[in-house]
Amino acid sequence: MKHTLRQVFHSGKFVAGFCILVALLLLIAIYPLFVKGDPLAIIGQGTFFPPGTYVNTYDSIYAPNTYTLNLKDAAANRIAQRLPEKDREEMKTWLVAYGIPEEQIDVNDIKALLDIWFENYDPNESLGMIYAKQRYYQRLNDSIRNLLSIEGVILAEKNPETGELQEVGIVNQTDYVNINEVANVRVLPLGTDNFGRDVLTELVRATAVSLEIGLVAGVIATLIGLTLGLLAGYIGGWVDDFIMFITNLFTVIPSFVLLILISFSIGQEKRGAVTIAIVIGLTSWVWTTRAVRSQVMSLRNRDHVNLSKLSGHSIFYIITHDIFPYIASYVVMALILQISSAILAEASLSILGLGPRTTDVPTLGLMMNWAMIYQAHIMGRWWAYLPVIIMIALITFSMNLMNTGLDQVFNPTLRE
Amino acid sequence: MKRRITILSILLVLAVVLSACGGTATTEVPAETTAAPTEPTEKTEEPTEAPTETEEVPSGEVVLPRKETMYFNGQQWGSVVCWNPYSSSCNNAMTIAQQDNARVLMFETPYLYNMLDGQVYPLLADGDFAWDEGRTQITFKIKPAAHWSDGTPVTAEDVAYTWATHVKYDTATGASNKAYIADIVAEDAQTVVIKAVLGENGQALNPLLVQSYLSSNYVIQKAWTQKLEARVGEDSAALLTDPADDVVWSGPYTKFYTDDTKVILIRDENYWGQDASMWGKLPIPKYLGHMIYKDNAAGTTAFKAGEVDVSQQFIANVQDLWLKEGLPVSTYLPEAPYHIGASLPTAFFNLGSYGLDQLAVRKAIAIAVDYDTIIANAMTNQSATFDQVPRSLMNPTPGEQALYDHDAVKDLQFAGKDIEGAKKLLDDAGIVDTDGDGWREFEGQNLHYVATAPNGWSDWQAAIEVVAAAGKEIGIDITTNYPEWAVYQTIVTNWPLPEKDFDIFMMWSDGAGPTQPWSRIRHLMSSEFAETTNNWNGNWGGYKNADADALIQAIPSMTDEAALKEAYTELVRIYLTDIPSFTLMYRPQSFHTVNESVWTNFPHEGDGTVPPVPPLDLMDGWSVAGLYNVTLVNP
């Protein structure tokens, strides 16, 4: 056993796959310790907030210390963000269309540009432009008001008695807060999804659920496949015929179609993660059966099996002691493949809206389903679906890598 | 060698993994390409007529010049079945839709309803209609200029015969109106008289519905109808399923080409409306096209690419199209909610479900729901919030909002997300968790509900998820379920609802129309629809309230505005007190998002049109006027 393990861990591929899987497992185990809270909690009012650090504006104003930093390029950065060059060019286009001579307009002299803009711009003047363009200029006009102001913003509070506004402070353009001193800062490394949920938290939980589904489904499929394969292969005769009849039936019907039909007929209310796992397990044992059976058939007439038979051992004893150990390595590999394909099956089911109930747990497939419904893929919200795809790829990739590694160790024809 | 094989197999596995799980990203690509008309191939095959300078889009046999064609999406799903205006199962979304804002591209109504000012404007009719003194009948004239596509004039006799046919063959129109309209007769060639069914007071039983017939039902040619009757041997079923390829129309467009990928209408150059007594000219686009897209995503992709000019689809975060992507796209309003809200998508309580007959349970759920999140997330802010437009039975248009007394029902309003209030309500009603499993019980049984919406109706589904989340907060177990629409509609419209799975379910309410808000209120609350089968009207939860019924019955014949306002206020009070259902958001009559790559001058707020052209895709009711205003961006 020790020797086998050492051999296995000498395989680079196995180790690589194993490391990826362990890393994922660690992520699943450790992440919830740091970020607590319901992965399905709706925290964002609005859809698809981009990844980043979210600093509470209100708390920033009331942060204990305000620091003054006189940074040289602060004003330039501010202007560049609120009025990038593209917008300045567009302003020029409007002004020229309005009849201002082109040579009077210098897009690099922002002050002059703004002066000439505010002097001439009339939001009701269409200049024959399409609405989208007119509205663009109206928005631009609103957004650049006070662009060059060097004064701060006055904070005012409502007097509870009179209802009048009273000045309580001023935020200067050179005021800074230290982010560590702001009471509420939330990092959303992968933004939020269409429900306003934290994608990373959801992703970690979903990965755990998907692995769980994969494991349950894989174990079920492998157990069924192994049992039937062993029986059919060793006993032979009408038992073999019967089992192969059933197996062939299942081979002919595409298992994914079967899966769709079964999950549809179960109804969403009863479709928990485990139910889905069982359904997947029950529909994907066929190839394991066939493979185990053929292996067993070649083992059946080996000398040590015959010896065991002569010694009067029971069928059960022979199968468990003389046959199973020889195919164990194959079974482990089959299990790994079953797990990874079950994860894919769950994802495919959920994309069709036939996955587990949506209110219970997130799964990788469900996350993609909702991202697709809310058109994240055509609106460029990569954070809602790309990490999910990568996660699924990583899981299945690591398992397949481990499988290839094992194959190299156990398969005599591949042994180097 | 072995190494190479393993590398190959890893690559293969990766490819399989990516193609299997990358479904979201990749499946849309083919949709995109199918959505886009396959220009290069067809163009080379069929270089029939080739206007030299314009971009060309092939359509079946001919090539449509892009600058003479306006493209739509979101109306037609699946291929057209028939062109029969008597039938309600033609799946012909571009030409047949007899509704409050009737679609008048091919067939026409006497009047056009304008949801923006609540008025009707004559189309086939000449001048305003008039009630007689006793309010027993309506008289109106037909425009002398109006004629059919075969050149014969539209007469009062056509109007009368259309009605007679609806009644004789018991069409949907006939069935829903004959309780209110006694008869329609032609006094002379131009004059139509609609005789109302009279109530006990000797006046029209329901003047609102009689009036609305004029703007929601087509006039169909008598001669053609007789031909159709002869063809089907006066058999009702055959009449309703006749494909009517030979139909005679009066509208500005007619069928040009259809198959299972597209519907193309072509302008009728002899359209009577170019007469000075109506529009004075022909509508601008020569062709109206509608590709049949696989799904919303395909339609949106085509819209973004400028292949669709007017989109009637829900586009999540529509503002990103112009803010982030800089596309020449605009909606009716420049800022959120971007559209004019007209209907109230509503979650109905199944009052037959265990515990939902308890007001405390219904109210607790309704006040615990986070509506701001529904509006921000499910509708991506394309709805007014309940802060802006408080909850009532009225849609957010100023006309309807003025019909009830806001202050009188102020204390009944709930803003949502009131978890503590909901818990207290349940505690006070004695509905508490006694067995410690986290869920409250009513008379010993856990409160467990399934909230449901049709699969694929994304905004409803997302809203229902938020409702379910609220249940968890207050100790009521609400899970979600999304059956397919075909299943959903059969279940919801047929009482009794199943014991499970349909405890809280989404359905619509009426939008804007000449009978609103009365008709919407009737459909939401009137017990005449409670516990009925084949119910496409409303009140699917089975709510009954005699006071509400009495008011609903009285309103149509009320003429005193103060009394009317009082009645509406009382109905709102009953609705907010009993909470038989609760509105989750406001929704526009039609989504109306336009891409100004080719066409411009679409209806938008403050566009200066008098009367204002409503944003209804240039095809419903008065919005058809927009087709006469559009211009090319680059003529």
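**Exercise 1. Domains of chain A**

Find how far apart the centres of domain 1 and domain 2 of chain A lie in this predicted model.

*Solution.* Start with the bounds: domain 1 of chain A takes in 2-44 + 194-410, and domain 2 covers 84-143.

**Exercise 2. Helices α14 and α16 of chain A**

Describe how α14(A) and α16(A) pack, and decide whether they are roughly parallel or antiparallel.

*Solution.* 
1. Helix α14 of chain A spans residues 315-351, and helix α16 of chain A spans residues 386-410.
2. Their axes lie 9 Å apart, at an angle of about 165°.
3. Angles over 145 degrees count as roughly antiparallel, and α14(A) and α16(A) are therefore roughly antiparallel to each other.
4. The two helices, α14(A) and α16(A), cross in a left-handed sense.
5. On the α14(A) side the contact includes A:V332, A:I336, A:I343 and A:A347.
6. Sorted by class, the contact of α14(A) with α16(A) has 14 nonpolar residues, five polar and one charged.

**Exercise 3. Helices α13 and α14 of chain A**

Work out the geometry and the residues of the contact between α13(A) and α14(A).

*Solution.* 
1. Helix α13 of chain A runs over residues 303-310 and packs against α14(A) at an angle of about 155°, with the axes 10 Å apart.
2. α13(A) and α14(A) are therefore roughly antiparallel.
3. The crossing of α13(A) with α14(A) is right-handed.
4. From α13(A) come A:H304, A:V305, A:S308 and A:K309, which meet A:I318, A:D322 and A:I323 of α14(A).
5. This contact of α13(A) with α14(A) holds three nonpolar, two polar and two charged residues.

**Exercise 4. Domains of chain B**

State how many residues domain 1 and domain 2 of chain B each bring to their contact.

*Solution.* First list the assignment for chain B: domain 1 is 29-77 + 252-340 + 590-635, domain 2 is 111-241 and domain 3 is 341-588. The contact then takes twelve residues from domain 1 of chain B and 14 residues from domain 2 of chain B. On the domain 1 side, seven are nonpolar, three polar and two charged.

**Exercise 5. A covered helix in chain B**

Identify the buried residues of α11(B) and the elements they pack against.

*Solution.* 
1. Helix α11 of chain B covers residues 359-368, and eight of its ten residues are buried.
2. The buried residues are B:V361, B:R362, B:K363, B:A364, B:I365, B:A366, B:I367 and B:A368.
3. They pack against β16 (346-349), α14 (419-428), β17 (441-442), α15 (458-473) and β22 (581-583) of chain B.

**Exercise 6. Backbone exceptions in chain B**

Locate two cis peptide bonds and two positive phi values in chain B.

*Solution.* 
1. Recall the background: most residues other than glycine have a negative phi, and most peptide bonds are trans.
2. B:W495 and B:P496 are joined by a cis peptide bond with omega of about 0°. B:P496 sits in the loop between α16 (485-492) and β21 (504-507) of chain B.
3. Another cis bond links B:V610 to B:P611, with omega of about -10°. B:P611 belongs to the loop between β25 (599-600) and β26 (631-632) of chain B.
4. B:E443, not a glycine, has a positive phi of about 50°. Its loop runs between β17 and β18 (445-446) of chain B. B:E443 has 9 other C-beta atoms within 10 Å and is exposed.
5. B:N601 has a positive phi near 65° and lies in the loop between β25 and β26 of chain B. With 19 C-beta neighbours inside 10 Å, B:N601 is partly exposed.

How values were computed
Residues numbered from 1 in each chain as written. Chains lettered and ligands numbered in written order. Predicted model: local features only at pLDDT ≥ 70, side-chain atom pairs only at ≥ 80, totals over all residues. Domains from an automatic or database assignment. Contact = placed C-beta atoms within 7 Å. Nonpolar A, V, L, I, M, F, W, Y, C, P; charged D, E, K, R; others polar. Axes fitted to C-alpha atoms, helices over the stretch in contact; angles between N-to-C directions. Helix = DSSP H or I, 4+ residues; strand = E, 2+ residues; numbered from the N terminus. Parallel < 35°, antiparallel > 145°, perpendicular 65-115°, else oblique. Left-handed = near helix turned anticlockwise from the far one by under 90°. Buried ≥ 20, exposed ≤ 12 C-beta atoms within 10 Å, placed from the backbone.
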